[in-house]
Amino acid sequence: MNPTIQRIAFIGLGVMGYPMAGHLARTGFEVHVYNRTTSRAEAWVTAHGGEHHPTPRQAALDADLVLMCVGNDQDVEAVTLGEEGALAGMSQGSLLVDHTTASASLAETLDAACRERDIGFIDAPVSGGQQGAENGGLTIMCGGAENDYARAEAVLGHYGRAVNLMGPAGSGQLTKMVNQICIAGLVQGLSEGLHFAEKAGLDQTRVIEVIAQGAAGSWQMENRHQTMINGEYQHGFAIDWMRKDLDICLHQARQIQARLPVTALVDQFYAEVQAMGGGRWDTSALLKRLQAGDAV
């Protein structure tokens, strides 16, 4: 445990936040939770102890550290700002860490709001999905002041395999955008490769076993090729969430005049999968879109 941080509030107990908060409770921190759906918070307390609260403000009262992992910019604003937001309950000298994948501009806004209250802030989006959250193997990309990061780093290490400070507030979110941009292209490439192998009459599994040992290898190839071959997509990071993230990437790209032609194209492909009813399918379902074309 971090000797300067004892009482933690965790806001947002979705597929990521629920196990992340669980790691902290098992470590011995005093954990207070808030979740929009109360029954989810009640279930967490039953499993892990601690206490749940009816508002973010009440969960954050007297907390040394407040962690958030919610859906999007609007959700972050809802649980942080206003009379019942977390900031209204936080004390001077405490620290707010946002694990939500959100915009860099929101991170800068929250950083300014925290500074006005003498509260530290770190934007800390994560990569690794539900599996990474459950096994404590997340990659955490942080933005903020070095002294605030130093206070949070050891705590984040209880569910983060790699925790890194990337620069000032907003840098964590910008790094997560790079992550999602790279994933979009990788998954489309893997989907096309598997589709090509199938059409060419090759054993797809054997093909991957060979090429994964060379320059084509990637996390996506290692962890998703077999489920893609099997047509299994009821797991992993949902396409609805990926499109939310890619929208953030494309919006930021327009602001900084970065060119993302492949990312924009893959975003359109994901829109087609959504139209097929696959919004909750794993992002690797891009292969299903290619296969669907065979039936047309």
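## Helix packing and salt bridges

Helices here are DSSP runs of H or I with at least four residues, strands are E runs of at least two, and both are numbered from the N terminus. This is a predicted model, where local features need pLDDT of at least 70, side-chain atom pairs count only at pLDDT 80 or more, and totals for chains, interfaces and linings use all residues. Residues are numbered from 1 along each chain as its sequence is written, and side-chain values use heavy atoms, with hydrogens and water left out.

Back to helix 11 (residues 219-230): Gln220, Met221, Arg224, His225, Thr227 and Met228 are buried there. Buried means under 20% relative accessible area, exposed means over 50%, and partly exposed is in between (1.4 Å probe, protein chains only). Those buried residues pack against helix 9, helix 10 (204-211) and helix 14 (286-292), with contact meaning heavy atoms within 4.5 Å.

Helix 9 (residues 171-199) also meets helix 13 (residues 261-275): their axes come within 9 Å and cross at roughly 65°. The axes are lines fitted to C-alpha atoms over the stretch in contact, and angles run from 0 to 180 degrees between N-to-C directions. From helix 9, Ile181, Ala184, Gly185, Val187 and Gln188 take part, facing Val262, Thr263, Val266, Phe269 and Tyr270 of helix 13. That contact divides into seven nonpolar residues, three polar and no charged.

On to the salt bridges: the whole structure has nine, each a side-chain nitrogen of Lys or Arg within 4 Å of a carboxyl oxygen of Asp or Glu. Here are some of them.

| Pair | Closest N and O atoms |
|---|---|
| Glu30 and Arg7 | 3.2 Å |
| Arg151 and Asp148 | 3.7 Å |
| Asp267 and Arg243 | 3.0 Å |

Glu30 sits in strand 2 (residues 30-34) and Arg7 in strand 1 (residues 7-11), so this pair ties together parts 23 residues apart in sequence. Glu30 is partly exposed at 39% relative accessibility, while Arg7 is buried at 18%.

Arg151 and Asp148 share helix 8 (residues 146-156), three residues apart, or about one turn of the helix. Here Arg151 is partly exposed, at 25% relative accessibility, and Asp148 is buried, with a relative accessible area of 11%.

As for Asp267 and Arg243, their salt bridge links distant parts of the chain, with Asp267 in helix 13 and Arg243 in helix 12 (residues 239-256), 24 residues apart. Asp267 is buried at 10% relative accessible area, whereas Arg243 is partly exposed at 25% relative accessibility.

Terms used
Nonpolar A, V, L, I, M, F, W, Y, C, P; charged D, E, K, R; others polar.
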